[in-house]
Amino acid sequence: MSDHKIGVYVCHCGSNINGVVNCAKVTEEIGKIGEVVVAKDYKYMCSDPGQEMIKNDIKEKGLDRVVIAACSPRMHEPTFRRALEGAGLNGYLLEMANIREHVSWVTKDKEEATKKALSLVKGAVKRVKLHEPIEEREVPVTNTTLVLGGGISGIQAALQVAEAGHKVYLIEQKQYIGGNMAKFDKTFPTLDCAACILTPKMVDVGQSPNIELYTSSEVIKVDGYVGNFTVTVREKPRYINHDKCTGCGDCASACIMKNRIPHEFDEGLSKRSAAYIPFPQAVPLKAVIDDGNCLFLTRKKCTLACVKACGAKAINFNQHETIHEFKVGSIILATGFDLFDAKRAPQYGYGRYANVINGLQFERMTNASGPTSGHITLADGTEPKSVAVIHCVGSRDENYNKYCSRVCCMSSVKFAHLVKDHCDAEVYEFYIDMRTFGKGYEEFYNRVQEEGVHFVRGKGAEVAQIDGRLVVIAEDTLLGQYREIPVDMVILNTALEPRVDAEKVAQTLGISRSGDGFFMESHIKLDPVTTTTDGIYLAGCCQSPKDIPDSVAQGSAAAAQSLAIIATGKVKISPISASIDSEQCAGCRICIGLCTYRAIKLNEETLRAEINEAVCKGCGTCAAGCPSGAIRVSHFNDDQLLAQIEGVLA
Amino acid sequence: MFKDFTSEIMSYPGGEKITACMQCGTCTGSCPTSHAMQYTPRRLISLIRANQRDTVLQSLDIWKCASCYSCTTRCPRGIKFTDIMYILKNLAWKEQSKMENKNIAGFYNAFQGLIEKRGRMNEAELIMKYSFQTNPVKLLEFAPLGMKMLLKGRAAFSAPSVRNQVQLQKIMKLAQERGGE
Amino acid sequence: MVAYQYYPGCSLHASARDYDESVRGVLGHLAIKLEEVPDWNCCGATITPSLNQLQSQILPARNLALAAENRGDLVVPCNACYMSLKKVQHNMVKYKEIREGVIDIFSQAGLSLTGMPEVRHLLEMIMEDVGLAKVKEMVTKPLKDLKIVSYSGCQLVRPLGFDDPEDPQALDQLMEALGAKVLPFSQKSHCCGSSLMTTQPELAFKMVDSILEEAKKVGAEMVVVTCPMCQLNLDAYQGQINNKFNRTGQLPIIYFTQLMGLAMGLSKSQLGIQRGIVSSNKALEKIV
C-alpha cells in the first residue's frame, strides 16, 4: 500500500452529467478505495464554492493527489490546476476523468453510464498516484509581429499592432495590398465606396514607420515557437527599383505587349501590358513587370521600349529574388480566400456564354476606375435590360462546398441595387434562403425589395441560351412551378473557398485545417482567433468566409492577441513534452517525420534525434512511433498510462 | 410498420437522405419533364415529408421521370431523387388500383411480362403487346414507323429469348415474391 | 489480340443492328476481340426498376454472374445497359440487403456470383484502352469539314458514368481525332426521353425537339450518339416531331462507331449506315 491521500470530486454539471450518471453512487463506490480519503459529489465543481471545497480539503485533510470527474480537461483542467496551486499543491498532481463528453453525452443508458463513469474514475485514481510535480516554464518574447496577407483583415491587424508602437512585417504575395476589397465598388449595407474607406488604411500602411511592407513575397519557412519565431521570406524580383519608380505608368504605355494580357485585377475584363501599374490607388504605387509575359524576361527578345520610356531609370532586369529572415514573437495569418471557379459547375455556362459573369467581375464593372468606367455593359457594349443573380454557386452544395459562404446573400442584394441604380434593368434574384443577419443587413434587404427587385425563391438550376438569349431555369418554389426566365446578363455569386495554397501554408506554419479546408481555430466559439499552434493567429477569410465587418473585427482581435504577448513580455510554455534518451536513440529519424510541430531535429554530430521542448506540444506521436522506445513524454509516460488502463479494467 | 411515409421511403436503398432536403428546387429546375408536373420533384419531397402518401402514390407525376439523373447529380444535399422516384413507382405499382393511366400501365406490363418470361426484349413485339393491352388502334399509329424500321432491317420478328429460361424465370419469381424491396 | 466480353443488350439485336454491325466492324479492324456474354438477358432498362427494385438488381446481376465466369472487362455499347449494370454493381457494394438478397436468390437457381467484371462503356474502353493516338493513327479518311455535335445522352455520364455529368468531353475528343469539326452543344448530356417516347410522347417529343433544334442552330450536319435508345428517339421519331412543331430540315443521327469506321476506311454497308431512318448520304457526301 502506498501512503497517498487522494481526494475524488464528482461533478454533476447540473443535469448534464447527473441526469445520466448516478454521481452519488460513483462517489460512494470510489470512496471505498483505501487511499481515497475524501470522495464528494457536487452540483458545479468548477464554481467558486466547488473550488473552495477542494482547496479546503487539500489543506485540512492533507490531500496530495486530486481526481476530478467532470467535463473534458480541455475546458476546466486549467481551472482546477489553479485551485490545487491555490492550496499549495502542484497543479500536475491532478487527474481529470471525462464523464460528460465521454459518458453522459453519448448514451441514454443510465446503468451502463454509471458503470463506465466509475471505471474511468478508478483509472484516474490509479494514474494520479504516479503523477509527478512539474513546473511550468516561461520564455521571453520578441516584440515584433509578422502579418501574412495584405487584405483588409491583415491591414487592420498590422495597423493596430503598429499603432501600439510595435514593429510589424507585412508580407503580401501580390504586388500590392488591399486584397479583394480593393476590387469592390460599393460595400454593403451602407454602400460606402470601398476605395474611400480602404485607401486611407492602405496609405497608412505605406507610411507607418512601424510597418515594413514586403509585396511579391511569400513565407517559405517558419522555425521556433511562440514568442520566438524565425520566419524566412522570399521576395520575388519586380524588376523595378522602388526607390526610383514614381508610378507614372509610362512603361505600361510603352510596353509592346500593351492591351494583350488579361488583367487579373479586373478579373480578366480588361487587358494590360507586361509592365503595368496594378491599379490607380495601389500601395505601393509602383510599376510591376510580369515575368510570365514580359518578352525580354521570357525570350530575351524585346525592343525594351519600357526601359527607354522610363524617365526615372527605374527598370532593372538584373534583379534577383531576395531572402529575408525575421525574428518575431507572433504571426497573424490573413491570407484570405479564393473565389470558386464557376467553370466547375458547367450547367451555369460560365466561360461559355459571354454575359455570364461572376460577382468579382461585376464588382469591377461597377467600379468607376474599372474596365467599363463603372458602366454595366454586355459583351456587345449595350446595357442589359434584365439581369439575374444566382446565389449559392459552389456554396451549400455537397458537390462543391457544404458550407454557406455567408457574404453572398448580402452582396447579391447589393448587386441588385447597383443594377437598379446604374441602368434600371429588371433584376431577378434566385436564392435558397435569404441570410441577412448582420447589423443593418435586413434593413438593406428590405430597401432593395422596395426598389422592385424580383426575388425568386429557388436555386438557379441551369443557365441556357435559347434563341440567342440567356435563360435561367429554376423552380419558383413559392409558386411550385418550373420557370424559364430570359435575361441579358447572369451574375453567378460564387463561393468563397480556401486558397489554393492553403495546405502549403498550413504545412509551412505547422497549423491545422478544418474539414472545409479553411485554417482551423483553437475553439470555434471561444477561441476563434488562435490556431492550435501557440503564437499563430487567424484573421479574416482564411479562417472561414466573412464579410468586411467581421474580417476587420477578427483582424483587430488577432492584433490584440499579438499585443498581449508583447505586453506580458514572456510566455508560459506547457511543461508536458517529450524527451529522448540518447543512449537508446538509434538515429532512425522516424520521429522527425512524425512530428507535426517540427520539434525534432537530428543532431548532425551525434546522429541522435533531439527535441526542442519549447516547440514540443507533448502530443506523444513520436513516443508511439519510436521503434526503440527511446522517447518518453512527461505526464504521459508508460507507467502512468498502464496504471490508468489497469484501473479502468479493474 | 412505418412511423410515417418519410421513414418508409428512408428504409429503401436510395431513399436515405430525404430528410436533408432544403427545398431549393434544383431538382425541379434540372428536370426535363417537371414543366408538365402538377407536383414538381421538390413538392413531392414536401408531400412525402408531410405524410401525404396517397396524394404522392396516386399522382401521375411520378411516372413522368425519364431517369436522366439530372436531379440526382445536381442535388446540393446528395439526395438521390431518381432513386426515390423508383421507390415511389414501386409502391404505386404494388397498389395497382391507383394506376389510372392505361398507357403507362399497359406499357410497363407488356415490357415486364416479356422480360419475366423470356429474358430478352424485341421492340416490335413490345409495341404489339402494348397496343393490344391498351388500345389496338395504336397499332395503326405505330404502323408507318414500323414499316420504315422493317424496310431498314431494324425490326426483328423472331421472339428472342435466353436459353436458360427456367433459371431466369425462377430468379425473377423469387425476387417478385420478396415484395420487391 | 486484346479480348473483351461484350454485352450487346436487346436493341443491338433488333432496332440498333447498325450499331452492332459498326461495333463489330470497327473493333475487328482494331484487332480487338469481342466475346458475347453467353446467354445474357435484358438489363431491365428503366422499366423493371420502376416496378420492382429487387428484380431490377437480379437482371443485371445475372449478366455479371455469367460474365464473371470468363476473363476480360465487360464492354457495353448502350448507355442504359451500361448504367443498369454499373448501378447494380454499386448497390451490391453499398447495400448489404441487396447483396445478400441477390446472392440468396441466385443460390436457389444454381447461379453463383464469384466476382464482378469491370463494367465499361464502349466509348470509355476506346478512349482509355485504345487511346486517341492509336485512333488517329488508324484514320485513313479524315472526316474533314464534317460538322457534328456530339450527344452523349444522360446515362453514359450520370449518375455513375466515366465523363463529366454536365459537360462530357470524351465524345468530342474522339470525334476531333477523326477529323470532324465538333460544334459547341449545350444539349450534350440532356435526356432524349427514353421510354416516355412510347407512354407519354408529348413529353419526349419536346425533349427531342430541344436537342435537334439546338443541333440545327449551331450548324450541325449530324448528331453523333453513343446509345441505341437516343438514336431511336432522335432518328425514328424525327419526322413526327418535325411535323408536330413545324420544324424544317432533317438531321441524320449516327453512332460514333459508324463515323470511326468511315474514317478508318470501312464501307458504309459494313457499318449499317444505310439503316438510318433519316438518311446520312448527303451529310457524308464529302467524305466517302
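Two residues are in contact if their C-beta atoms, placed from the backbone, lie within 7 Å. The model is predicted: local features need pLDDT of at least 70, side-chain atom pairs count only at pLDDT 80 or more, and totals for chains, interfaces and linings use all residues. Residues are numbered from 1 along each chain as its sequence is written, while chains are lettered from A and ligands numbered from 1 in the order in which they are written.

A:Val490 belongs to the largest nonpolar core, which has 150 residues. Together with A:Ala158 and A:Leu333, A:Val490 touches the most other members. A nonpolar core is a set of buried Ala, Val, Leu, Ile, Met, Phe, Trp, Tyr and Cys residues joined through C-beta atoms within 7 Å. A residue is buried if 20 or more other C-beta atoms lie within 10 Å of its own, exposed if 12 or fewer, and partly exposed in between. A second, separate core has 148 residues. Its members include B:Cys71, C:Met83, C:Leu123 and C:Leu196. In soluble globular proteins, nonpolar side chains tend to be buried together.

Strand E32 (residues 600-603) and strand E33 (residues 608-611) of chain A run antiparallel and are joined by four bridges. Strands are DSSP runs of E with at least two residues, helices are runs of H or I with at least four, and both are numbered from the N terminus. Two strands pair if DSSP finds at least two bridges between them. A:Ile600 has A:Ile611 in E33(A) as its bridge partner. Four residues lie between the strands, and in this hairpin A:Leu607 takes a positive phi near 55 degrees.

Chain C is divided into domain 1 (2-122) and domain 2 (132-284). Such bounds come from an automatic or database domain assignment. The centres of the two domains of chain C, taken over C-alpha atoms, are separated by 24 Å. Their contact takes 26 residues from domain 1 and 26 residues from domain 2 of chain C. On the domain 1 side, helix H1 (17-29) and helix H4 (79-94) of chain C each give two or more residues. H1(C) gives the most, with nine residues. By class, this side has twelve nonpolar, nine polar and five charged residues. Here Ala, Val, Leu, Ile, Met, Phe, Trp, Tyr, Cys and Pro count as nonpolar, Asp, Glu, Lys and Arg as charged, and the others, Gly among them, as polar.

Helix H6 (residues 122-130) of chain C has the buried residues C:Leu122, C:Leu123, C:Glu124, C:Met125, C:Ile126 and C:Met127. These pack against several elements of chain C, including H1, strand E1 (2-6) and helix H13 (256-263). Just after H6(C), C:Gly131 takes a positive phi of about 85 degrees. C:Asn246 lies in the loop between helix H12 (238-245) and strand E8 (253-255) of chain C. C:Asn246 counts as exposed because it has 6 C-beta neighbours inside 10 Å.

Chain C also meets chain B. In this interface, 48 residues of chain C are in contact with 52 residues of chain B. H3(C) gives the most to the chain C side, with five residues. That side has 23 nonpolar, 20 polar and five charged residues. Chain B is assigned domain 1 (5-98) and domain 2 (102-177), with C-alpha centres 28 Å apart.
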